[in-house]
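Biologist: I would like to learn how to read cavities and helix packing in a model. Please take one feature at a time.

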Amino acid sequence: MNAQDPEHYSFIDAAQRALGDPAAVAQRDMLARVTPQLRERAVAGFGEFEALRQHLRRVRQHTLDNLDYYLPRFELEATHNGNRVHYAETARDLNGIVLDICREHGARRVAKGKSMVTEETELTASLEREGLHVVETDLGEYIVQLAGEKPAHIVGPARHKSIAQIRELFLAAHKLGERKLERAEDLVAEARQVMREHFLGAEVGIIGANALIAENGYSMLVTNEGNGDLCASLPKVLIVCTTLDRLLPRATDAAALQRLLVRSATGQDQTCYTSFYSGPRRAADADGPLETHIVLLDNHRSDILDSDYRDMLQCIRCGACLNHCPIFAAAGGHAYGSVYPGPMGSVLAPLLDSLETYAELPNACTSCGRCEEVCPAAIPLPDLLRDLRHDQQRAGITPQRWRRGMRLHAWLAGQPRLYHWLTARGIGLLNWLGRRRGAFRRLPFAGGWTGERDFPAPQRGTFMQQYRALQREVPDDE
Ligand code: SF4
């Protein structure tokens, strides 16, 4: 998918590089404090969040269980509305379908809204290789496009950029002469000014979808900037790129999803724009595209549907699990090497690509469980990550020393007397060796820890020794 160089990609190396930039670390720390507070306030003020979460989970489960009914129904309704529906099995297929449509219309300029699916297929680069001029019109996406980077977050692609960095990018990219660009408002105003000509000049608009509604063939898009609507209504051709798992039976289900999504993603009660697209302009319409296409990407989602990981298809791409993950906060989105970072990406990237390429991601987890707690789709992310680790172990992908270590641990855990004897001796030895300094600068087999920090010397016995001592002290009531 996106691990820049699968041969040499390493999450650990990338995370270490990310930790070496103090300004970026401070920015991530700040975001890790603020974004969970915003979500918490919005969820607490809503009142029905948990009930709606469980309701939507059931609806989505039902839809996935009955895709063979809802997908043809959606296609029928969407076609009836005048759309052309295409199926893309692979990322390359989606890019090819979009390119063919652009060529059919002699398009040279494309205005593109935010779409993680097109990030997954690397559509922009693919169209640019064929000579098309593609402009990302979501402000965050536009910033990372200017920077030549991938999004660092599925909801806030440029969250990692400071105002000063964005200012530098704008001054270099926009030939607008001497000007002050000191405040965020100045940057937004300039982006709006520059973007206007792209909207007006583009022959093709491309957007994503947050939901596809089977009962009426509509797609729903939630944005805060309104750029999706301009991409969808100004160019003469509109292409909606999305995936099969966005399907919902009814418009009311899409409304329920929107209420969960917005609160989980940005902590807002309401997003600025929630748009429903039916199809091409009708005779009585004042504006809108003359031709509309919907491209549905599979890219291994059918395999996921048939696997033990099908819960992952319930993801609504809100980004809440990223915002609450201590690993994501420390390492940042780019370290994951995939367009899908954080806990959801650590499950999805290996499933959409391969367990080998993204072998470290299922292990980039502290098992704190915060991701599952906040996930509006109630996806058991820690369980899925653990299952992926099992699969890696079974497939022999886990590094050999880890496998040997786990085998030794499993064997030892099956010999409780020996285990307690050995751990008691080990703790006693560490206690004695560390008695002067109270900590170790280096320890065999713990280089990953002591490379960054001291290892505290154990002060008391093992857990079981302390537990037994406590039992002896506390009189038994019975
Ligand atoms: S896994 Fe859950 S919390 Fe994470 S992006 Fe998907 S829906 Fe949101």
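Modeller: On a 1 Å grid over the protein atoms alone, a cavity is a set of points where a 1.4 Å probe fits but cannot get out. A molecule sits in one if more than half of its atoms lie within 2 Å of its grid points. In this predicted model, local features need pLDDT of at least 70, side-chain atom pairs count only at pLDDT 80 or more, and totals for chains, interfaces and linings use all residues. Residues are numbered from 1 along each chain as its sequence is written, and side-chain values use heavy atoms, without hydrogens and water. Here the ligand takes up the second largest cavity.

Biologist: Which residues come nearest to the ligand?

Modeller: A residue is near if one of its heavy atoms lies within 4 Å. Of the 13 residues around the ligand, the nearest are Cys315, Cys318, Gly319, Cys321 and Cys375.

Biologist: At what angle do helix 8 and helix 9 pack?

Modeller: Helices are DSSP runs (H or I, at least four residues), numbered from the N terminus. Axes are lines fitted to C-alpha atoms over the stretch in contact, and angles run from 0 to 180 degrees between N-to-C directions. Helix 8 (residues 139–147) and helix 9 (residues 163–173) pack at about 70°, with axes 10 Å apart. Angles of 65 to 115 degrees count as roughly perpendicular, so helix 8 and helix 9 are roughly perpendicular to each other.

Conventions
1 Å grid on protein atoms, 1.4 Å probe; cavity = no way out; pocket = protein on both sides within 12 Å on 5 of 7 lines; lining within 4 Å. Helix = DSSP H or I, 4+ residues; strand = E, 2+ residues; numbered from the N terminus. Parallel < 35°, antiparallel > 145°, perpendicular 65-115°, else oblique.
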